[in-house]
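Try each task before you read its solution.

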Amino acid sequence: MLRVYSHSRRLTDEEICELLECTSDTECFSIRSNSSESESDVLDDIVNESEDEMQDVQYTELIVTETNHSGKQFITKRATLSKPYKKWKNVTITEVRAFIACLLIMGLNKSPTMLPYWSTKPSQAFPWFGKMFSAHQFRHLMKCFHLVDSEKCPAPGHTDYDPCIKYQPLVDHANNVFRHHYTPHEQLKKPKAKDKAEIARHGLGYCVVQKILCLGNYLNKGYHIFVDNFFMSVPLVKSLYKLGTYITGTVRKSKKYLPEQFRKKFGIGEKMYCKSGPILACACLEKESQRTPIILLSSKVGSGDIEVKNKNKTVK
């Protein structure tokens, strides 16, 4: 039988902060003041961090509100409840942060089940978890942890049903934070999306690239995107070029609007270039084992032959 840590007293926010090794604002400032940054740079960083903290607090308050609401729903909907569940108390912002910290530490120290984190056996013990929450408290919080009100979510089969709705606030918050702190380099790789009307009209690959670039606020900034033949199409190249974004990638021979010359049978080593406005199309058949030529579209690069080394052989 697995014995677990258990403590009946609920920790205060101060005790939880101490376990989380929170640093005070004065300590943070004293560390910054010893750096070589100018006063204006330090002030900008402090202002940015203050804005980030406000957003984080607002988002954590949302989690607290929905989690406490879910806890009350769970208790009121059940006629019979075991004693531990009857002891549910509203959680605080600090406790939610501590809960998330526990999940992150669990990701670093993996266990086949949850209970070993509260084990008293020396070979399995993680005392930090037992100090933070009792096993019962953590399980209650895990069961009631919510980002949205489940009762307001459309059920499967409803026209407004969205399988992502229960975690969409987290995705939106993360995207806002990432967009604020990270500016990508010029060259990007492709990602993944879904909008039935657009997909039916333009195809999945087109919609994926357009939606991700739009969500990431990367359009009209001169970025150069690289994709494979699933995503690439002539309409996509034209559309992105109008939006100040370049793209390069292979394209399937079956795609529409490709030059008719590319549909003929190619000989080994044969190459062909075509250009229409900003779009350069290139096709070549390198070896006999290839059934169809490789076709490349780009709105950024020009045409020409270069020498490259492939497995210690120089080829053109």
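**Exercise 1.** Which elements are among those that cover the buried residues of helix 11?

*Solution.* Keep in mind that this model is predicted. Start with the helix: helix 11 spans residues 234-242. Next, pick out its buried residues. They are Val-234, Leu-236, Val-237, Ser-239 and Leu-240. Now look at what lies over them. The cover includes helix 10 (204-215). It also includes strand 3 (246-250), strand 5 (279-284) and strand 6 (294-298). Gly-244 follows helix 11, and its phi is positive, near 65°.

**Exercise 2.** Find Val-171 and decide: is Val-171 buried, partly exposed or exposed?

*Solution.* First, locate the residue. Val-171 sits in helix 8, residues 168-181. Then take its relative accessibility, which is 31%. Buried means under 20%, and exposed means over 50%. Val-171 falls in between, so it counts as partly exposed.

**Exercise 3.** Describe the whole protein chain in numbers.

*Solution.* Begin with the elements: the chain has 11 helices and 8 strands. Go on to burial. Of its 316 residues, 31% count as buried. The accessible surface of the chain is about 21,300 Å², and carbon and sulfur atoms hold 55% of that. End with the contacts. Take those in the chain with a separation of 6 or more: 54% of them join residues 24 or more positions apart.

Technical notes
Residues numbered from 1 in each chain as written. Predicted model: local features only at pLDDT ≥ 70, side-chain atom pairs only at ≥ 80, totals over all residues. Heavy atoms only, no water. Helix = DSSP H or I, 4+ residues; strand = E, 2+ residues; numbered from the N terminus. Buried < 20%, exposed > 50% of the residue type's maximum accessible area, 1.4 Å probe, protein only. Contact = heavy atoms within 4.5 Å. Areas by Shrake-Rupley, 256 points an atom, 1.4 Å probe, with all protein chains shown as cover.
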